[in-house]
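Welcome, and please open the model in your viewer. We will go from stop to stop, selecting a few residues each time.

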Amino acid sequence: MNMKITLFEKQERLIAQRFPFVVMVLKGLGQIMLQENAYTGFFFLAGICYGSFTMGFAALIAAVCGTITAKILGYDQTEIAKGIYGFSAALVGVALTFYFDAVWVTGLAVIIGAALAATIQHWFIVKKIPVFTLPFIIVTWFFLYLFKYIYPVASPASLDTITAVSQDLAFAFKGFGQVIFQGSLFAGIAFFIGIFISSPVQALYALVASLVAGVLSALYNAPPEGIMTGLFSYNAVLCAIVFAGNKESGIWMFIAVALSIIVQFVMNTYELTPLTFPFVAGTSIVLALQNFITKWRVKS
């Protein structure tokens, strides 16, 4: 597998020499799940387009807008090349076309939201605060409030469509898909493959975390429909990717997953749209705890 990954990386560099901006944008899509890999981004885009071409197009446009915004504002070229300013922007694009009809105001919001996500991302980077997808969350929450209560925009009919629920372990893969608002098994598997190409260890950790999250959610009497469609697993997928491969990673991953589920349950209780906030909260708490323990060990 290491040889295959090396070949992928070599091929990516060759493509980047001829089409550097394309690789930047695809890496931005890959960074949605913390993968600096253009092939991963391609698999993510394919999975999104399978579920909805509109969402796929919005993700692509938003990633482009986020990257261009970073270039215009003179942000660090290395960070831009890694796709750092594309992933929150891309998530904004998918989220807005998931929650609202694809009308002109939604398209405008995608472009503005992508630029805002990139600038907020940069502010946190400058402050050296690891916030992961928080810029996407902030921007999307703003537009959800705006389009629901101030300037109403209709929701697409597909948002109210009842999704078929299967009673098998497919929900573990669907957890991957739900990270980017995709409920199909095809998208989930495509996203898993995309991560596996970049980091097999992270992909497998994420798969285990998705299963664990489903089991824990069932123990807390979560709605079966939500569990089987991956809605209680997608934050766990992201938590696992962050902690995969670290020392004592299994323990930290489990703690982060458990915390993310608790946060999601609380938000669901108060009818708040969780997005990836449970992941950000759970991961941030665990990272802070790790930092505290490290300092305590040094002092001891």
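Start by selecting Phe 173, which is partly exposed at 24% relative accessible area (buried means under 20%, exposed over 50%, partly exposed in between, with a 1.4 Å probe and protein chains only). This is a predicted model, where local features need pLDDT of at least 70, side-chain atom pairs count only at pLDDT 80 or more, and totals for chains, interfaces and linings use all residues. Residues are numbered from 1 along each chain as its sequence is written, and side-chain values use heavy atoms, leaving out hydrogens and water.

Next, select Phe 279, which is buried at 0% relative accessible area. Phe 132 is buried too, at 16%.

For a cluster linked by ring pairs, pick Phe 98, Tyr 99, Phe 136 and Phe 181 (rings of Phe, Tyr and Trp, the last by its six-membered ring, pair if their centres lie within 6.5 Å; planes under 30 degrees apart count as stacked, over 60 as edge-to-face and the rest as tilted).

Which residues does Ala 63 touch, not counting those up to four places away in sequence? Select Val 25, Leu 29, Gly 86 and Ala 90 to see them (contact means heavy atoms within 4.5 Å). Ala 63 itself is buried, at 0% relative accessibility. Its C-alpha atom is separated by 9.4 Å from that of Ile 111, 48 residues apart along the chain.
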